[in-house]
Structures are given as structure tokens and as C-alpha cells.
Amino acid sequence: MRQNLHTHSTYCDGKDQPEQMIQTAIEKGFDILGFSGHGYCIYDDASMSQQGQVAYIHEIRALQKKYADQIQIYLGIEQDILGRVANPADFDYIIGSAHFVEQEGQFKSVDESEQTMCKILHEWFHDDFLSYAQAYYKNVAVMKDWKEVDIIGHLDLLTKYNEGNKYFDFEDPRYVALACDTIDALSHKIFEVNTGAIARGYRTAPYPYKNLLAYMHEKKIRICLNSDCHDRINLDCHFKESLDLIRKVGYDSMVVLTSEGFKDRPLDQFQ
Ligand SMILES: [Zn+2]
Ligand SMILES: [Zn+2]
């Protein structure tokens, strides 16, 4: 079983057209490919335009039919918390993500660049990573009551530039408590293990950090493995190593998307 439900294309900030991505998925032996273009969001330059989003829906639905005998294609969307989709029923599933933090009505991206992240940390949070994390996780937790959100995207995206504990200690109990409270609030959702920052050279391990993944397992939270793919060569980036990590923290199953919704599959079926 090979699945990726977090896939970007030229409709937003991805490098490849949807059909090129599908062909690579077939070559790499994927069974399931879900597209998750950045939903229209006025704060996000990388998101689809409203018109683009209509065309995206149309094209992915057409490709779903065209390739039905070769691969299961699903139409999803990555919805930022600042840009909830108007018609969730248009999509097979929705990834809910927080890419911004807010201060007095201004929004700044936590993952756009290390420079922006440093600016946020310094100017808005006086270099106190804990206050920054508090503001970020407060945003993520709002999705607890959002019925349309199936999968929580890259839970700890704010740690993108923290390889080697550069800005704070991943194991700091005060930080871990903030993240775990958020996991508790969202425990009825599916979480993704996301290898996107590895493909982009920022990190050596996926989101969420291994101690948070272990906590999710302890809380019996369902997960899936996604590459947050923006370039088809990275469609299965770090999947093997991530599966090892998922197994190591104790998981023996993950979810797959089917025509009848999300179903659990034994971990040993995945590669
Ligand atoms: Zn994202
Ligand atoms: Zn994404």
C-alpha cells in the first residue's frame, strides 16, 4: 500500500501539473493519490485564486475518472485556518493547516522563510519561543470544532527551522505540554506524519517530532503518512524511514482514504 494525500500542483505553489504527478505516482507504485491544493486564502500568496480553485476541482475530477483503472485519485484541499472553504462538499477530504500567526490583526507566515520566522520570534514574541508556540498552537486548536477538517496538517510546522534545537529544545517540557494539549483537543481528527521539510532540506525527520508522535500513539490517534509534495520527484520522500519511526513509537496501523471514507490498514501493508 502506498498513499499520499498531501499533494500540491501548478494550481498553487507546486512544480508539476496534476497529470504529471499522477504519472509519477503510478511509476512509483502508489495505490492512492490525493490532491490538496492550497485553498483560496487572502493572506496566502501561494494559495489558489477563487477561479483557479474552480478549475482545479474540475481537472482533478476529470483525472480521477481518466485514471480510475490505474490509481485511486481523490480531490482534497489544504485549507488554512484563515481561509475556510465555502463548500466542503466539493471535496473528498480536507486537510486543516495553520501557516500563520497573528498579532494585532497582522498575519505572518511561520514557514515562508527562516528570516520571517526570526522576525516573528524577535519582534512579536521578544525571542520567547514558548510564547510563539502558545500563539501558534492556540490557532491550531480552533479546528477542534470544525467538522469539515479530516486531517490536521503538519502539526508542528513552527519548528521547520529548528533542526538541531537551533531555536529551542524540542524536548522542553513546557513546549511539549503546549503541543500535547493541542493534540488532546484534536484527538478526534486524523493527524499526518509529514515529510515535506525533509524534501526541502530543512529537516532530517518528519513533522510531528517523535515525542509528539509517541504521545499520539499513546492517545490512540489515527495517522497517515504524507509527503506534502511540491515536486513529483519527492512524492515518496523519506517514506521508508518515516514508516520505521511510526512503527518504533508503537503504531501498527494507519488510515487510507477509500470511496467509503477513511479506513484503518495494518502498518505492515505499507511501503
Ligand atoms: Zn501546509
Ligand atoms: Zn501542503
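Trainee: Why is Lys15 called exposed?

Mentor: The relative accessible area of Lys15 is 57%. Exposed means over 50%, buried under 20%, and partly exposed in between, with a 1.4 Å probe and protein chains only, so Lys15 counts as exposed. Please bear in mind that this is a predicted model, in which local features need pLDDT of at least 70 and side-chain atom pairs count only at pLDDT 80 or more, while totals for chains, interfaces and linings use all residues. Residues are numbered from 1 along each chain as its sequence is written, chains are lettered from A and ligands numbered from 1 in the order in which they are written, and side-chain values use heavy atoms, with hydrogens and water left out.

Trainee: What makes Asp231 and Lys15 a salt bridge?

Mentor: The closest N and O atoms of Asp231 and Lys15 are 3.7 Å apart. A salt bridge requires a side-chain nitrogen of Lys or Arg within 4 Å of a carboxyl oxygen of Asp or Glu, and this pair meets that condition. The two residues belong to distant parts of the chain, 216 residues apart, with Asp231 in the loop between β9 and α8 and Lys15 in the loop between β1 and α1. The structure holds 15 salt bridges.

Trainee: Is Asp231 buried or exposed, and how do you know?

Mentor: With a relative accessible area of 16%, Asp231 is buried. Beyond its neighbours within four places in sequence, Asp231 is in contact (heavy atoms within 4.5 Å) with Lys15, Asp16 and Met21.

Trainee: Why is the salt bridge of Glu114 and Lys166 said to tie together parts of the chain?

Mentor: The N-to-O distance in that salt bridge is 2.7 Å. Glu114 lies in helix α3 (residues 114–124) and Lys166 in the loop between β7 (151–152) and α5, so the bridge joins parts 52 residues apart in sequence. Helices here are DSSP runs of H or I with at least four residues, and strands are E runs with at least two, numbered from the N terminus. Glu114 has 27% relative accessibility and counts as partly exposed, whereas Lys166, at 53%, is exposed.

Trainee: Where do Asp244 and Arg247 lie?

Mentor: Both are in helix α8, 3 residues apart, which is about one turn of the helix. Asp244 is partly exposed at 36%, and Arg247 is partly exposed at 41%.

Trainee: In what order do the 7 strands of the open sheet run?

Mentor: The order is β1-β2-β3-β4-β7-β8-β9, with parallel pairing. β1 (3–4) and β9 (223–226) each have a single partner strand, so they stand at the edges and one side of each has no neighbour in the sheet.

Trainee: How do you know that β8 and β9 pair?

Mentor: Two strands pair if DSSP finds at least two bridges between them, and β8 (residues 190–194) and β9 share 4 bridges in the parallel sense. Val193 has Leu225 as its bridge partner in β9, and Asn194 has Asn226.

Trainee: What makes both faces of β9 covered?

Mentor: Ile223 and Leu225 on one side, and Cys224 and Asn226 on the other, are all buried. In a regular strand the side chains alternate between the two faces of the sheet. β9 is also among the elements that cover the buried residues of α7.

Trainee: How many bridges join β10 to β11?

Mentor: 6 bridges join β10 (residues 253–258) to β11 (residues 261–266), and the strands run antiparallel. A hairpin of 2 residues connects them.

Trainee: What makes Tyr40, Ile42 and Tyr43 a nonpolar patch?

Mentor: Patch residues have over 30% relative accessible area and no salt bridge; nonpolar side chains (Val, Leu, Ile, Met, Phe, Trp, Tyr) are joined within 5 Å, and like charges within 9 Å. Tyr40 has 33% relative accessibility and is partly exposed, as is Tyr43 at 37%. Together with Ile42 they form a surface patch of about 300 Å² accessible area, computed by the Shrake-Rupley method. Tyr43 also touches Leu82, Phe100 and Phe107, leaving out residues up to four places away in sequence.

Note on methods:
Areas by Shrake-Rupley, 256 points an atom, 1.4 Å probe, with all protein chains shown as cover.
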